[in-house]
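Q: I would like to go through this structure with you. Could we begin with the surroundings of one residue?

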Amino acid sequence: MVAFRVRNPKDPSDPAKKKEICTNGDGWKWDRWNACFRSPTAGLPYKDERFEPGGELWDRAGAAGRTDGAIYLCQEETCLRGVETECFAQRILWVGPAGVSPRQLAERAVTSMSLQAPAIGMTGGTPPSQMQYVGMYAWMWAADPGDSTTGPITREASDGGTTVSATAVLDKTVWAMGDGVSVTCSGANAAGTPFEARYAGLPSPTCGYVYTRTSAKMPHEEFTVTVTAHWTVRWSGGGQSGVIMVQVDRATQKRVGEIQGILVPGPGSRK
């Protein structure tokens, strides 16, 4: 059986009849003259138990095991006018409970993604009580890369004959370093680069910072470092499309100290 979806809300040529245009799963109109509409089987002039929950046509429409929603006929306008000799094709379509829009389905898909800000990876050691130093390159990165922390991630949500697909991409991470400065790491650099000992003394190629003052005067002598993940979610389905922006953050504490040199007289030096 071909599954049809409803693309346009109402037939603009006859809104009083509340007919809706049928489309197939690929968005192609099933008609000959741009005149294929759906109408509720509840409006038939006679009762047909095949269209009731558990009936033969109910199950064939893809609603087996469900008791909500309704069965619709997807048919040419000639069928609606009762011109049987010109009625060439009909399909049946199960439509879920009313009131669920493609946008709402997109939001359901986004919720199922469980989008998060990544766990903070940062030079200076773990736990954060270990120290980063003024004037030295600090590296920042996503310590727990995955679908819901660095993406991309795709999820779908369906209701009745409508399915919406949404894909979330980590657009950028914004790091508030705790000293009043923010660092933005965008696109391919959003997740940063994990630090390794062999990179000591080198700046991060993707996401880094250099502190110019210590955290000594801050509460508990620590900066609060916060990373905000900016996700862009693009969705489409049910004849509609759109973009949903999601922002989530995570924070940690970071001590920043200073290394001071001490001059020590060498052998033979004068006191």
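A: Not counting residues up to four places away in sequence, Cys-185 touches Lys-172, Thr-173, Trp-175, Ala-190, Thr-206 and Cys-207; contact means heavy atoms within 4.5 Å. This is a predicted model, in which local features need pLDDT of at least 70 and side-chain atom pairs count only at pLDDT 80 or more, while totals for chains, interfaces and linings use all residues. Residues are numbered from 1 along each chain as its sequence is written, and side-chain values use heavy atoms, with hydrogens and water left out.

Q: Is Cys-185 buried or exposed?
A: Cys-185 counts as buried because its relative accessibility is 2%. Buried means under 20% relative accessible area, exposed over 50%, and partly exposed in between (1.4 Å probe, protein chains only).

Q: Which residue does a disulfide join to Cys-185?
A: The partner is Cys-207, with an S to S distance of 2.0 Å; a disulfide is a pair of cysteine sulfur atoms within 2.5 Å. The torsion about the S-S bond of Cys-185 and Cys-207 is about 80°, so the disulfide is right-handed.

Q: And what does the pair tie together?
A: Cys-185 lies in strand 11 and Cys-207 in the loop between strand 11 and strand 12, so parts that are 22 residues apart in sequence are tied together. Helices (H or I, at least four residues) and strands (E, at least two) are DSSP runs, numbered from the N terminus.

Q: Changing topic: in what order do the strands of the open sheet come?
A: The three strands follow the order 6-8-12, with antiparallel pairing; two strands pair if DSSP finds at least two bridges between them. Strand 6 (120–122) and strand 12 (208–210) are the edge strands.
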